[in-house]
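Subject: Structure for you to look at

Hello,

Here is the structure I said I would pass on. Please open it alongside the notes that follow.

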Amino acid sequence: MGITRSTVRVGQKPTKEQLKQIREIAKKPVHYTEDCPESTPEALAEFAAMARARRKKRIKPMVALRVEPEALEKYKALGSGYTGIMADVLNYVADNPDVLVKAIG
């Protein structure tokens, strides 16, 4: 079985030829042994290592932070997810040191 590639733009309808190809392909059964071969133990180990690396990258350390009560109330007023917003603000300041200089200067 070959692979057919087409580019379809947003709002573009498929051509008659494309519709014909889709209908023909839809009639063919999927052969899992041919179309989806079993992964080798080496490939599975590689996928597992990639998954571990991605999980490790997403883990965020827990930090205790003292803030003014007024500032905390302002963030809490933003609703659920306010701690994520606080983290975004800290990241922004860390990426833009000129903001920090203006704040303390």
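The model is predicted. Mean pLDDT over the protein chain is 86, with 93% of residues at 70 or more. Where pLDDT is low, predicted coordinates should not be read in detail.

The helix pair is α4, which covers residues 69–76, and α5, which covers residues 82–95. Their axes lie 8 Å apart, and the packing angle is about 115 degrees. On the α4 side the contact is made by L72, Y75 and K76; α5 contributes Y82, I85, M86 and V89. By class, six of the contact residues are nonpolar and one is charged, with no polar residue.

The largest pocket holds about 640 Å³ of space. Its lining consists of 18 residues. Which of them lie nearest the centre of the pocket? They are L65, T83, M86, A87 and L90. M86 is also one of the α5 residues in the contact with α4.

Both helices of the pair take part in the lining of the largest pocket, each with at least two residues. Helix α5 gives the most, with nine residues. By class, the lining of the pocket has 12 nonpolar, three polar and three charged residues.

Regards

Methods: Residues are numbered from 1 along each chain as its sequence is written. This is a predicted model: local features need pLDDT of at least 70, side-chain atom pairs count only at pLDDT 80 or more; totals for chains, interfaces and linings use all residues. Side-chain values use heavy atoms; hydrogens and water are left out. Axes are lines fitted to C-alpha atoms, for helices over the stretch in contact, and angles run from 0 to 180 degrees between N-to-C directions. Helices (H or I, at least four residues) and strands (E, at least two) are DSSP runs, numbered from the N terminus. Contact means heavy atoms within 4.5 Å. Ala, Val, Leu, Ile, Met, Phe, Trp, Tyr, Cys and Pro count as nonpolar, Asp, Glu, Lys and Arg as charged, and the others, Gly among them, as polar. On a 1 Å grid over the protein atoms alone, a cavity is a set of points where a 1.4 Å probe fits but cannot get out, and a pocket is an open set with protein on both sides within 12 Å along at least five of seven lines; lining residues have an atom within 4 Å of a point. Grid points are joined across faces, edges and corners, and a volume is the space filled by probe spheres set on the points. pLDDT is the predictor's confidence in each residue, from 0 to 100.
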